[in-house]
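Please look at the sequence and the structure below, and keep both in view while reading the paragraphs that follow.

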Amino acid sequence: MSTGRLLLEKRLVVSCGAGGVGKTTVSAALALAAARAGRRVLVVTIDPSRRLAETLGVDRGPPEPVLLPPDRLLALGVTPPGSLSAWMLDPQRVSDNVVRSFSKTPADAARLLDNPIYRNVSAMVAGMQEYTAVEALHGFLQDDHYDLVILDTPPSRDALRFLDAPQRVGGFLDRRIFGLFVPGEGGVIRRAATALIGRVMDAAFGEETRQDLQQFLALFGTLLGNLNRNQAEVQAFLKTPQVGFMLVTGPAREALDEAFHFAERSRALGLPVAGYVLNRSLATRAHLPLPEAPAGASEALRTAVAHLLPMAEAEKATAWTHAALGERLRERGTTWVLPQLPRGASDLEALLQLAHVLAPST
Amino acid sequence: MPFSSRRIHLLTGKGGVGRTTVTAALARATAHQGRRVLLLEIGDPDEGASPLARLFGREHLPIEPTALEPGLFGARLWAPVGHEGFLKAHLPGGALISAALRSKALARFLVAAPSFHEMGLFYHLLMLLEAKPAWDQVILDMPATGHALALTGLPEVLLRLIPRGPIAKAMRRGQAYMNDPTQADAWVVALPEQLPVTEAIELMAGLRATGMTVGGVLLNRMPADPFNATEQVELAGFMAGRAVHGEVAWGRLVDARIAAARLRAEEADLPILTLPEVPAEPDHALVGPLCEVLA
């Protein structure tokens, strides 16, 4: 599939990859390319650099997705009906919205929002970030403001967790487990287990914290039906052809290993892999000349060029290695190769250049 | 070696900066000085082989400290070990302890309940810090930025929730180690580039906010700079707008100079060590050369 078709036909693109490969920038560039092709795109980032967050207008942690202003969109070559919005995941906010919309009564919602365990839950429950990302995704996929959602995930060791976070967090939120902690339910064996956990908790925490925890679990438990239904819907949707997983990698061995590991896992889980993005490749530079001091150059310049020459030769070799690497990736699946951009390019220029490579304007 | 003064080093830094390799090199360099070193990682064996263990030719680091090389021991922090240790130390009476340790329901609950996983990791760390005979040096490879703050900030979060009781006491004890500037510090591994340096500066602010002492910065993969001042000026003019091989390397060099200078200006009192770029494939071949630099 060409990126053109990918960006025109998918409802959701998930980018995954090791830390430091430029995944967030690639996600933003994909979003921009799709918006330039006339789609209404939302890019959801998890941990963007401050500079990229500023470029996307989400540096102040906005509550809702932010539509890039018309003048900026125009500068980026996005014209109606195309549009580009961005949002930075805020687990606590997503979670608060869930509490407000799914609690049985407003009083229950208020008690839960006020519970000290709940107030720290996103910092404390491993996987809560991913769980809320899925919940937010559920909302955005229902929202007819967007034709395409692009989701940037945490670095890939964690991205795998993103895929099973619903099971893991769901496991904790599973009534069969935390129900053990809420007294007065079930038969003899269950009560015995509950009593044991209660004694252990009192010994470890003290009574006050145990009560907070019990209140939290009892109230949060009432939200579970709705929450888990949303999670299951998104998980099922992730396996449909409307979704594409992009495996972003750099030329370094570790990043490639992560991408291959991820591809394997995705296939085993039945997730549609759209292809690889090889970022920061020097391949397009392979045919450049080596530097040569001009006739009549100063002594200093001639020395400098002489010092530069071995660096240039190494760079040439790297460029050819990257070219070969691109070919090897193509044997494994659809591959898009993005160039290493010149230092000092602003994020806006960088996004434009990458968007051009991903979907050349016709 | 600017590392030897404190017993506990946390190594942290964003993904892709080579933190794990630097951590392994530091551990080896410390062991070569004749100290008994414990190298720790936080890793979930379900997530595939551990990058740190791979540097020592293993799939995973074991839970029990195990010799990796002479004087260098490795172990993985593992929440259930911390849970068990805590229960043994704090539950009243042997009957309750053995009932608790036998209970599958409790085990499931501990794995799943909020923050118990992190608490378990933290308590396991505390057990190793207090183990006899004491380790001369404990070096912890901290996973990506957000988690590092989560773990160093954990005692504070938990103490807000649980101000009293045995867990609170254990958290305070752990916090006392981590926040004692004579015992523990955090080193930030970063690349000599603009954005990573900005992120390193933000990370240090975050660490200090949790009460950690920042020991210093390790600027990894510093490109070799063969040019004197005059040559730099001449070459800058020559390279402007020229599409040749060497352009990327030159750009990196300029960027590295600016980034390192900015870091030195902002953190004037902090040790900033640079580690050279060493071409090595595969990655574990890097540990040796970096170890020599750190020694």
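B:H9 has B:I139 as its bridge partner in strand β5 of chain B, where strands (E, at least two residues) and helices (H or I, at least four residues) are DSSP runs numbered from the N terminus. This is a predicted model, in which local features need pLDDT of at least 70, side-chain atom pairs count only at pLDDT 80 or more, and totals for chains, interfaces and linings use all residues. Residues are numbered from 1 along each chain as its sequence is written, chains are lettered from A and ligands numbered from 1 in the order in which they are written, and side-chain values use heavy atoms, with hydrogens and water left out.

Strand β1 (residues 8–12) of chain B runs parallel to β5(B) and is joined to it by four bridges, while strand β2 (residues 37–42) of chain B, also parallel to β5(B), is joined to it by five; two strands pair if DSSP finds at least two bridges between them.

Which way do the residues of β5(B) point? B:Q137, B:I139 and B:D141 point one way, whereas B:V138 and B:L140 point the other way, and all are buried, meaning under 20% relative accessible area, with exposed over 50% and partly exposed in between (1.4 Å probe, protein chains only). In a regular strand the side chains alternate between the two faces of the sheet.

Chain B as a whole comes to twelve helices and eight strands, and buried residues make up 54% of its 295 residues. Its C-alpha trace spans about 80 × 40 × 35 Å along its principal axes.
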